[in-house]
Amino acid sequence: MNKILSILGMVMLLALTSCGTVSVSSDYDRNANFTQYRTFAFHDKGLKDLKMNDLDKRRVVGAIQKNLENKGFQVASDENSADIIINISAKTENHVDVMPWYTPWWGPWGMNGYWYSPRMVNYKDGTLVLDFVDAKNNILVWQGVGSGLNLYRITDKAERIPKAVDEILSKYPPKK
């Protein structure tokens with residue numbers, strides 16, 4: 001019995017930790033000199049076109065700004081005076097997970113149980129893309145993508161979005 005409880009506990013722990021992470025990938029221009037980039041600004045048109053509510057926009061922009069400032073970068077007064085222009089794009093997809101409902105119990109003949117109606121869980125899965133464009137040459141030099149941002153509980157967004165941004169930006173500037 002203790003063995004089953006231990007296994008069940010490990011499975012639950014794995015499920016809880018996997019729900020909180022974001023799958024992160026990045027790509028960059030191998031010829032770019034990232035030491036020359038010291039200032040950044042956000043692409044105004046990109047922010048206006050971003051399909052995200054104002055609260056989440058402020059969360060994403062604030063998290064990017066805080067992360068980059070902690071790395072020594074400075075916010076430029078406008079796009080024309082920045083070394084890097086940051087464009088943000090995002091998308092969400094609705095998902096439905098159908099989970100069978102099974103209640104196990106132990107009887108004289110071993111493990112038995114009852115099957116109930118399946119339980120359906122609706123959630124939104126988000127992807128956040130950060131494009132860093134060299135302002136002088138107008139070319140993409142770095143892109144970070146975070147996918148699997150589970151936004152099923154609206155109360156968790158204030159915590160999850162900045163963590164996702166930090167995970168994405170952990171790969172910037174790239175280590176050559």
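Are W142 and Y172 buried or exposed, where buried means under 20% relative accessible area and exposed over 50%, with partly exposed in between (1.4 Å probe, protein chains only)? Both W142 and Y172 are buried. This is a predicted model, in which local features need pLDDT of at least 70 and side-chain atom pairs count only at pLDDT 80 or more, while totals for chains, interfaces and linings use all residues. Residues are numbered from 1 along each chain as its sequence is written, and side-chain values use heavy atoms, with hydrogens and water left out.

**View A. The aromatic pair of W142 and Y172.** The rings (Phe, Tyr or the six-membered ring of Trp, paired if their centres lie within 6.5 Å, and edge-to-face if the planes are over 60 degrees apart) are edge-to-face here, at 5.1 Å centre to centre and 65° between the planes. Because W142 lies in strand β6 and Y172 in the segment after α4, the pair ties together parts that are 30 residues apart in sequence.

**View B. The aromatic pair of F40 and F42.** This edge-to-face pair has 5.9 Å between centres and 90° between planes; F40 is buried at 2% relative accessibility, and F42 is buried at 11%.

**View C. Arginines over aromatic rings.** With CZ of Arg within 6 Å of the ring centre and within 35 degrees of the ring normal as the criterion, R30 lies over the face of Y28 at 3.9 Å from the ring centre, and the charged end of R38 sits over the ring of F73, 4.7 Å from its centre.

Note on methods
Phe/Tyr/Trp six-rings, centres within 6.5 Å; stacked < 30°, edge-to-face > 60°. Helix = DSSP H or I, 4+ residues; strand = E, 2+ residues; numbered from the N terminus.
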